[in-house]
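Take a look at the chain shown here. This report starts with one residue and then widens the view.

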Amino acid sequence: FVRADALALPFRPESVDLAISALTLHHLEPAAAAAYLAAMDAVARAGLVVNDLARSRTALILVWLATRVLACGRLSRHDGPLSVKRAYTPDEVRGLCARAGLRHVVIRRYAPLLRYCLVGGRGLWLHATGRSELDGIAIEHNGCLVETGECGESGESEVWAAMLEYL
């Protein structure tokens, strides 16, 4: 792992297999967030995975309550709700991806965790055929598209298996 400025990553294009971000995007204004996604996509051969808070009224209420009931410190009581307010909705993240030039992305919301996960990029991408949000896996390599099949009930495990197989 390398700690660096998210908007000036110290890597050559396509020099890492996978770029991963956790709980960072909500700290960035829209222009910087789009640049961040573009920078991650540029350095990754296979693609990127972004896990972050999903803004919603329910999330704000739950985080506000949790930071009061669980005897969190003053900083957490302030930062928790503020982070939810600053977070992007999945539709807003789709817009950021379009602005960043990312064509192949899937954004899946995990409501009980108040989060979403974005998976995409030029090397590994997922597609939906309309039967469910995440129902197929495809890998693009050197311009060739390889379908790896449909996702079953536990599509996430198949996604990770396909990513690991590709990498």
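In this predicted model, Asp 52 touches Leu 23, Thr 24, Leu 25, His 26, Leu 114, Arg 115 and Tyr 116, leaving aside residues up to four places away in sequence. Asp 52 sits in strand β2.

**A buried charge**

Asp 52 is buried, yet it has no salt bridge. The nearest side chain of opposite charge belongs to Arg 115, 6.7 Å away. A salt bridge needs the charged atoms within 4 Å. What, then, lies by the polar atoms of the Asp 52 side chain? Two backbone nitrogens do, those of Thr 24 and Leu 25.

| Backbone nitrogen | Distance to a polar atom of the Asp 52 side chain |
|---|---|
| Thr 24 | 3.4 Å |
| Leu 25 | 2.7 Å |

**Helix α1**

Helix α1 has 14 residues, so at 1.5 Å a residue it should span 20 Å. Its end C-alpha atoms are 20 Å apart, which agrees. Buried residues in α1 include Ala 33, Tyr 36, Leu 37 and Met 40. An α-helix has 3.6 residues a turn, so residues three or four places apart point the same way. The cover over the buried residues of α1 includes β1 (16-22), β2 and α4.

**Strand β4**

Val 119 is found in strand β4. Is Val 119 buried or exposed? Its relative accessible area is 8%, and buried means under 20%, so Val 119 is buried. Val 119 and Ile 107 are twelve residues apart along the chain, and their C-alpha atoms are separated by 6.5 Å.

**The whole chain**

Now step back. The protein has five helices and seven strands. Read along the sequence, they follow the pattern β-α-β-α-α-α-β-β-β-β-β-α. Of the 167 residues, 38% count as buried. Among contacts with a separation of 6 or more, 60% join residues 24 or more positions apart.

How values were computed. Residues are numbered from 1 along each chain as its sequence is written. This is a predicted model: local features need pLDDT of at least 70, side-chain atom pairs count only at pLDDT 80 or more; totals for chains, interfaces and linings use all residues. Side-chain values use heavy atoms; hydrogens and water are left out. Helices (H or I, at least four residues) and strands (E, at least two) are DSSP runs, numbered from the N terminus. Buried means under 20% relative accessible area, exposed over 50%, partly exposed in between (1.4 Å probe, protein chains only). Lys and Arg count as positive and Asp and Glu as negative; His and the chain ends are not counted. A polar contact is a pair of N or O atoms within 3.5 Å; within protein, one must be able to donate a hydrogen and the other to accept it, and residues adjacent in sequence count only if both atoms are side-chain atoms. Contact means heavy atoms within 4.5 Å. The expected span of a helix is 1.5 Å times one less than its number of residues.
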